[in-house]
Amino acid sequence: MSTLVLDGCAVVTMDGQGSEYASGHVVVTGNVITAVGPGAPPPASLPDGAANSSAANSSAANSSGTIRRIDASGCLATPGLINTHHHLYQWGTRGMAADATLFEWLTQLYPVWARMDAGIVQDLATAALAWLAKTGCSTTMDHHYVFPRSGGDLLRATVAAARQVGLRFHPTRGSMDLGASAGGLPPDEVVEDRDTILLASKAAIEEFHDASPHSMLRVGLAPCSPFSVTSELLTDAAELARQAGVRLHTHLAETADEDEYCAEHFGCTPVEYLDSLGWLGEDVWLAHGVHLDDAAITRLAVTGTGVAHCPSSNGRLGAGICRTHDLLAGGVRVGLGVDGAASSEENSLIGEVRQAALIARSAGGPRAMSVRQALRLATMGSAQLLGRDQEIGSLEAGKLADIALWRLDTLPHAGIADPVAALVLGARPPLELLLVNGETVVERDQLVTVDEPGVAAQARRASAELAERG
Ligand SMILES: [Zn+2]
């Protein structure tokens, strides 16, 4: 069994008490955190022989296994960040429809996405996941909802990419069954019929979903949005998900256009519409939740429904400002998402923490969201939405070793008073180490699981091919 000791770093645990240590330690044994606290690690937390060696940046092996000690002074250890809304394939359509509304942007991009196949999706997903890792993300979901008829097995392509990069992965089998000819927004060429969707959803759960503790891969179901799926599909997907014990996700209340669509087609608000279909509950999390009235916020809180806040995407598309302060004050569970890179080109999860704090304060004043609340959204808040808060989201003994170690002693941050303010309000710090399930994914700001220039070259080729296929 290997042991890793991070020694001398600031530690922000995000545990229930908000424990923080100006100089502390984190000990990892195998894939589990076995000790967290102030000062040096207590000898009892280390395997035989390791307590005698105080040499920093040393590796040794004895009968207990490999022991690696890292001098982490100048760094801040946080839980690995958790992303609760993404469309990995959109890495290939960044920079398009740059000044459009959501409905204009979708209408322009649907035909491009219709040209995807599994090879392209795997290359684009690898790039998107690699960049997430470099921005401190250890767990991500994916919402893939465009399945061209001759595109091959796209969900499998994203799973392969996540295994290669080494992130904990929560892919959702997305879907659209309401084409333009039936009153929906997407063109008919990118929608599937309901039977095909339900069969593929069932197959995805059976093949990929791992419900065991410590799981690296859990599947959810995610019909796309009120204006691209039928109410029958929403009802059937919820029934299937609940039979199989997997979670439900969709886009909701993102724009004023969607509000109008729901009023016109269903005679109610987006939240009332989902409520009428049995789609609110602790097993459901919704992307965006920008246009919510007080009644909707209360209903989300009472039912335990979560919201994946995606501030950069909301800003990029001019969708509006999510009422995060009111959601949190009202008891709604809120996590953080980068959304697809086509509507959020920076696509950095630590960047999204900063954006969440700034946009909340722009709307509600400087106390609308503290820097620690913002970081909590991307850690314990997101873990709750994915149903993983007993396993990840905080640095506590017994939790999985998903850890980000940020370097705060270089030019942008050296001397800054508060490490959390440095991380949340300052420039993106160098990522000294990213551990996922105890394995190193990023070290000294370099990906160790994949070759970064190679991944970039593949993404460039895949994006160009997608564009040329038009
Ligand atoms: Zn989205």
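Let me start with the zinc ion, where the 4 donor atoms subtend angles of 89 to 176 degrees, which makes the arrangement irregular. Please keep in mind throughout that this is a predicted model. The protein donors are His85, His87 and His251, each through NE2, together with Asp339 through OD, and they lie 2.1 to 2.4 Å from the zinc ion. Along the chain, these donors follow the spacing H-x1-H-x163-H-x87-D. His87 sits in the loop between β7 (81-83) and α1 (102-113), whereas His251 belongs to strand β11 (residues 247-252), so this pair ties together parts that are 164 residues apart in sequence. Both of these residues, His87 and His251, are buried.

Turning now to charged pairs, how many salt bridges does the structure hold? There are 23 salt bridges, and I will go through a few of them. Arg168 pairs with Asp402, with the closest N and O atoms 2.9 Å apart. This pair links distant parts of the chain, since Arg168 is in strand β9 (residues 168-175) and Asp402 is in the loop between α12 (371-385) and β15 (403-407), 234 residues apart. Both Arg168 and Asp402 are buried.

In another salt bridge, Asp418 meets Arg372, and here the closest N and O atoms are 3.0 Å apart. Asp418 lies in the loop between β15 and α13 (419-425), while Arg372 is in helix α12, so the two tie together parts that are 46 residues apart in sequence. Arg372 counts as partly exposed, at 30% relative accessibility.

The side chains of Asp409 and Arg407 also form a salt bridge, at 2.8 Å from N to O. Asp409 is partly exposed, with a relative accessible area of 38%, whereas Arg407, at 17% relative accessibility, counts as buried. Salt bridges that share partners bring Arg407, Asp409, Glu432 and Arg444 together into one network.

Finally, I come to the nonpolar interior. In soluble globular proteins, nonpolar side chains tend to be buried together. In this model, the largest nonpolar core has 123 residues, and those with the most contacts inside it are Trp105, Trp113, Leu167 and Leu434. Helix α2 (residues 118-134) contributes the largest share of this core, namely 10 residues. There is also a second, separate core of 17 residues, which includes Val11, Ala77, Leu395 and Ile403.

Note on methods:
Residues are numbered from 1 along each chain as its sequence is written. This is a predicted model: local features need pLDDT of at least 70, side-chain atom pairs count only at pLDDT 80 or more; totals for chains, interfaces and linings use all residues. Side-chain values use heavy atoms; hydrogens and water are left out. A nonpolar core is a set of buried Ala, Val, Leu, Ile, Met, Phe, Trp, Tyr and Cys residues joined through side-chain atoms within 4.5 Å. Buried means under 20% relative accessible area, exposed over 50%, partly exposed in between (1.4 Å probe, protein chains only). Helices (H or I, at least four residues) and strands (E, at least two) are DSSP runs, numbered from the N terminus. Donors are N, O and S atoms within 2.8 Å of the metal (3.2 Å for Na, K and Ca); water is not among the atoms, so sites may look incomplete. Four donors count as tetrahedral if all angles lie between 85 and 135 degrees; four count as square planar and six as octahedral if opposite donors are over 155 degrees apart and all others between 65 and 115; anything else is irregular. A salt bridge is a side-chain nitrogen of Lys or Arg within 4 Å of a carboxyl oxygen of Asp or Glu.
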